[in-house]
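Trainee: I am new to this structure. Please take me through the chains and then the contact between them.

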Amino acid sequence: VDNGTRAATEKIETHTHDKWEVRRLAAIVESTDDAIIGASLSGNIVSWNSGAEQLLGYSAEEAIGKPFAMIVPEDLAEERRAMVSIIARGERIHHYETRRRHRNGTDVDVSVTISPITDAGDNVVGVSCILRDVSDRKRAEAEGERLKSEFFSLVSHELRTPLTSIVGYVQLLTDFEDESLSGRGREFLEIIRRNAERLDGLVQDVLFAAQSEASAFTVVPTVVDARRLADRCRREAETAAETAGVALSWEIGPVRPFGGDPDRLTQVLRNLISNAIKFTPEGGRVDVRVFAERGCCVLEVSDTGQGIEPEERDLLFERFYRSEAAMKDHVKGAGLGLAIVKAIVDAHGGTIDFESELGQGSTFRVSLPMRPCEGDPATRQRRRPNASGKRRVAEVRR
Amino acid sequence: MIMTNGMNRERPLVLVADDEDDILTLVSFRLEEAGYDVAKASDGEIALQMAKELHPDLAVIDVMMPRRDGYEVTECMRADEEMQSVPVILLTARVQEADVRRGFAAGADDYIKKPFSPDELRSRVQAALTRH
């Protein structure tokens, strides 16, 4: 066989092999449940497998040649532009969760992987887009969240009802039977009261954490006065600091009133101070600073405690997370304080961060954007009383 | 003799409904001590009957009760011409915001969450009576 024939035979074999390879790949594309869509750089659909037909309702004939934008919900136009610029740079997008529009107008939850298609010269000539239907998983997650929230609500109710009786009757004894009680009797009653209060606080924290997990708790935005915020925490903090043998200092700078939920923000400061005191050994100090900085109200709590391990940095704001230090020193708590702080700060559009050095101490810093107060002319026109004209409750979604 | 809710009464009458005996006794005791007459109901159905018969000046109703819950009692009272002006305070251990919204939507005037302090109970009852 001469060289020319050999070359020609090899070419035919390669061609045949390529043809089979193309068919094999096409069969895979057709048989998968995932939607696989090809698009040109100009944004038109050039290929559409049966998975795409299944997921989005259009047949290949209907989809090919149409703009890719037809399957992107209008409110996600910005996201689509961002994706295009990533792909134009030759980068891939992996398992990004978003929505795509079905032919019938409803949106489908999908996980998207997009890769650039390049020519022999490595120029991007189009994109391949794989969409996986994640709506079942999303539904199951939402249902799980709902059940969890319902469970927490029920448990809280069952715990609160007997607590109401304990707290109520202890108070009745104190109010009406005080004279018939001995000194020790009063002491014991005070112990019952204190512990019932602690249990109630715990029930409230669990309930709040459940609500923030379900991404639906409320803040009631009114006027926040930073000085009053600190004053509301002061008595409890000073008692705790004294008991723990920790020096406590306050530095409250001038901060103009701003819009926010004073009750929830008091909870933020209270939790930060309570943590700082709990993790600071006797003889240490805790400094509380509240001041305005670049349009934000800053709440800063520093301690001379044992500090936070670097690997715990990301876990600290997780619900029910107990730090190594908390476990080692048997510090009381359910691991909810910082999770609650973060949820409230997020709901106010703020940020929380901390610096820590092992053996030296930590500083937690919350920055809250100083929004106009609810009564301000700038915001008043947007307020509308609700149907019953009762106290307004704004819903905040994380 | 003062006129309360169109009735000749010495003291305003508060209807209290709770299926937990201990809490019913506690709330009633606190209200009597604060100067009110109290009618006690141990579930939602009885509460409605008593509200119809006694024309109370105010109702303090627990949310989670057998037969009819607090929301239902409130809704029925709001739908009844004779009872619709009686202020209702819901007493609830369920303080998720959705529960609070549901209470207001049913027509409640206020709510008190359990556990409550005697001062809070007194001041909310007084405020509701003053408003009406």
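Trainee: How many helices and strands does chain B have?
Mentor: This is a predicted model, in which local features need pLDDT of at least 70, side-chain atom pairs count only at pLDDT 80 or more, and totals for chains, interfaces and linings use all residues. Residues are numbered from 1 along each chain as its sequence is written, chains are lettered from A and ligands numbered from 1 in the order in which they are written, and side-chain values use heavy atoms, with hydrogens and water left out. Helices (H or I, at least four residues) and strands (E, at least two) are DSSP runs, numbered from the N terminus. On that basis chain B comes to 5 helices and 7 strands.

Trainee: What percentage of the residues in chain B is buried?
Mentor: Buried means under 20% relative accessible area, exposed over 50%, and partly exposed in between (1.4 Å probe, protein chains only). Chain B has 132 residues, and the buried share is 52%.

Trainee: Which residues of helix α3 of chain B are buried, and why are they said to be on the same side?
Mentor: The helix spans residues 70-79, and its buried residues are B:G70, B:Y71, B:V73, B:T74 and B:M77. The arc is taken from the directions from the helix axis to the C-beta atoms. These residues are on the same side of α3(B) because they cover an arc of only 165 degrees.

Trainee: Which residue caps the N-terminal end of α3(B)?
Mentor: A polar contact is a pair of N or O atoms within 3.5 Å; within protein, one must be able to donate a hydrogen and the other to accept it, and residues adjacent in sequence count only if both atoms are side-chain atoms. Here a side-chain oxygen lies 3.1 Å from the backbone nitrogen of B:Y71, and the capping residue is B:D69.

Trainee: Turning to chain A, is A:E79 buried or exposed?
Mentor: A:E79 lies in helix α4 (residues 77-88) of chain A. The side chains of A:E79 and A:T98 are joined by a polar contact of 2.9 Å. Because its relative accessibility is 17%, A:E79 counts as buried.

Trainee: Which residues does A:E62 touch, leaving out those up to four places away in sequence?
Mentor: A:E62 is in helix α3 (residues 60-63) of chain A and, at 27% relative accessibility, counts as partly exposed. Contact means heavy atoms within 4.5 Å. By that rule, A:E62 touches A:G57 and A:R103.

Trainee: How much area do chain B and chain A bury between them?
Mentor: The contact takes 24 residues from chain B and 26 residues from chain A. Buried area is the accessible area (1.4 Å probe) that two parts lose on being put together, summed over both. Of this area 61% is on carbon and sulfur atoms, and the total is about 2,300 Å².

Trainee: Which side chains meet in a salt bridge?
Mentor: A salt bridge is a side-chain nitrogen of Lys or Arg within 4 Å of a carboxyl oxygen of Asp or Glu. Across the interface the rule finds 1. At 2.8 Å, N to O, the side chains are those of A:D175 and B:R30.

Trainee: Which element gives the largest share of the side of chain B that touches chain A?
Mentor: The elements that give two or more residues to this side are α1 (21-33) and α4 (97-106) of chain B. The largest share is 7 residues, and they come from α1(B).
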